[in-house]
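Student: I am new to this structure and would like a close look at a single part.

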Amino acid sequence: MQRILQRGEIEAIDQINFPRIRLPETGSLFAERAARLRQLAVGNPIADYILFVAQIVDAQHQALTQLPTPELPAAAIALAQQHSMPLLPAADHLDPAWNQVLDAMLTRLEGGDGLPAPLQPLIGALREMPLAEREAVARRLLQKEVAARDVGMAPFVMAALQVVFTQRAAHLSVGDVPYTEPASICPVCASEPVASVLRIGGKANGHRYLHCGTCCTEWHMVRVKCSHCESTKGIQYQGVEGLGEVVTAETCTECGSYRKVINQEKDPLAEPLADDLASLMLDLLMSETPFKRASTNPLLYVAFAEEQAEGDQSLVDPAAE
């Protein structure tokens, strides 16, 4: 008698198979991201903003080294595993330590060069904001209920949240993370992916992973499948003419959305969040199409970055070249 293997059972049979989950490497994650941002800033239309974000990521790296080991709520993890739910949904498991991380980051950024003038008042406003109001802003951002007054503060707040959620994810074991539905949200913190990445090296080589914009966990998703609605129909790819195929927009006619694919096979140094941020030109060109971006980059202050963007590149279909 034969039976159909369920999702996850095939991987369980073969322990040398590619990893289903890639937990963040906190020792190198933010340092490598900052280095990639500085590399991508060269000749980029939004170079000033990219270099500023590199400073934010430097501050994240420093803040992370000063955090104590997190306490993982065993009961919440057990419940999530029992019901195949994301382990620790971000909006429901805010660690108060994120406020201390934010203060430390703001102190570092205040003393640095290159802070864009439009963003300078935001540091003071965040400094003076009562903790209860900060918490409300954080929850709105995590629940995608962004008010207009929160937009400028969002990169600073999300950067601080990212530090504590990334550290928490890093202290999990892969076996802690259940199979969850839908597969389009992070199985650790229930956030949306910022982009997908085609990985190289080791057992992950050649496989696609979705990269969480909040806790930096990555989870496997097969190629040529919409990372938003999970359809395998009507998937196409578009890129910016003359910029190669490192970053392309994966579009889906079923749900009308797109999300970028970052291809390490084309550039081994490509990094999901950094390359997504630095390819704003692709987003601007995609805004002229019927497709809507499936999720945002947590460190992008769109209003300021768009002011810097310029150029006359056009969209191309990489497969047609």
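Student: In which helix does Asp275 lie? Please describe its surroundings.

Tutor: This is a predicted model, in which local features need pLDDT of at least 70 and side-chain atom pairs count only at pLDDT 80 or more, while totals for chains, interfaces and linings use all residues. Residues are numbered from 1 along each chain as its sequence is written, and side-chain values use heavy atoms, with hydrogens and water left out.

Asp275 lies in helix α9, residues 272-278. Helices here are DSSP runs of H or I with at least four residues, numbered from the N terminus. Asp275 counts as buried because its relative accessibility is 3%; buried means under 20% relative accessible area, exposed over 50% and partly exposed in between, with a 1.4 Å probe and protein chains only.

The side chain of Asp275 has two polar partners to look at. One is the side chain of Arg36, with which Asp275 makes a polar contact at 2.8 Å. Such a contact is a pair of N or O atoms within 3.5 Å; within protein, one must be able to donate a hydrogen and the other to accept it, and residues adjacent in sequence count only if both atoms are side-chain atoms. The other is Glu271, whose backbone nitrogen lies 2.8 Å from a polar atom of the Asp275 side chain.

Contact in the wider sense means heavy atoms within 4.5 Å. Apart from neighbours within four places in sequence, Asp275 is in contact with Arg36, Leu40, Val246, Val247, Ile262 and Ala270.

Elsewhere, a search of the whole structure finds two aromatic pairs, where rings of Phe, Tyr and Trp (its six-membered ring) pair if their centres lie within 6.5 Å, and planes under 30 degrees apart count as stacked, over 60 as edge-to-face and the rest as tilted. The ring centres of Phe52 and Phe156 are 6.0 Å apart with planes at 65 degrees, so this pair is edge-to-face.

Key
Helices (H or I, at least four residues) and strands (E, at least two) are DSSP runs, numbered from the N terminus.
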